[in-house]
Amino acid sequence: MSYQVIEQFKGAMARRGLIPPTDLIADGAMHRCDTTERNGKGDGGFENHQDGLEWEKWKSDVGREWSEAEKFAYRERMEAIKRQREEDQAAMYAAAKGRAKKTLEKAGSAEYHPYLVAKGIGAHGTRCISYEEENWLVVPMFKHGELVNLQRISSDGKTKRPMKGAQKKGCSFSFGATQTPQRIFICEGWATAATIYECIG
């Protein structure tokens, strides 16, 4: 890819609040970069997860209208990149599911985890693991009834981390009856949901 095209692409990224890497890898694969906003380290692609807009399709300005052959070749390449991205994501999610299952199987009891003690709530299916000199509370994250991710919560509750490379969108943890209940409470935080469940059942 020419220097001019690379610079055009970097300019388009910058207009979306992304910080283009010095050595931009033009291989059609997904790469991450930082954003100009607060807490923007590690975010991006050519999609800025902080501006609320979707993936931006981009093509270089060659100073003339593209020929039909060029347009066709571009569409074919974009479709191939999309398919590869979806395949890579599926493989990444599958590997993460395997790691989540193994981690949960090895995890110990969370009954006396400091976060639960401080909140005054029970474990409710959460577990505890030691990692990076921290005793983490482990909350299973399910999608369509299948374990796909784990959220780790530090002892003081200040750090909450899902597994890298695992599904997050559409995941949840459920309390109570498996059959359709009369009332459903949807909460952002696990501890909030646990508190409501313990108060009203």
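Colleague: Given that two strands pair if DSSP finds at least two bridges between them, what is the strand order in the open sheet?

Modeller: This is a predicted model, where local features need pLDDT of at least 70, side-chain atom pairs count only at pLDDT 80 or more, and totals for chains, interfaces and linings use all residues. Residues are numbered from 1 along each chain as its sequence is written, and side-chain values use heavy atoms, with hydrogens and water left out. The open sheet has five strands in the order β3-β4-β5-β6-β7, with antiparallel pairing (strands are DSSP runs of E, at least two residues, and helices runs of H or I, at least four, numbered from the N terminus).

Colleague: Which are the edge strands?

Modeller: β3 (108-109) and β7 (160-162) are the edge strands, each pairing on one side only. Two bridges join β3 to the antiparallel strand β4 (residues 127-131), and G108 stands opposite C128 in β4.

Colleague: New topic: which residues have the most contacts inside the largest nonpolar core?

Modeller: Y115, L116, I121, L137 and W190 do, in a core of 13 residues (buried Ala, Val, Leu, Ile, Met, Phe, Trp, Tyr and Cys joined through side-chain atoms within 4.5 Å, buried being under 20% relative accessible area with a 1.4 Å probe, protein chains only). Two or more residues each come from α3 (114-119), β5 (134-143) and α4 (190-200), and the largest share, four residues, is from α4.

Colleague: And what does Y115 touch?

Modeller: Leaving aside residues up to four places away in sequence, Y115 touches L137, I153, S154, S155, D156, G157, K160 and A191, with contact meaning heavy atoms within 4.5 Å.

Methods:
Buried means under 20% relative accessible area, exposed over 50%, partly exposed in between (1.4 Å probe, protein chains only). Two strands pair if DSSP finds at least two bridges between them.
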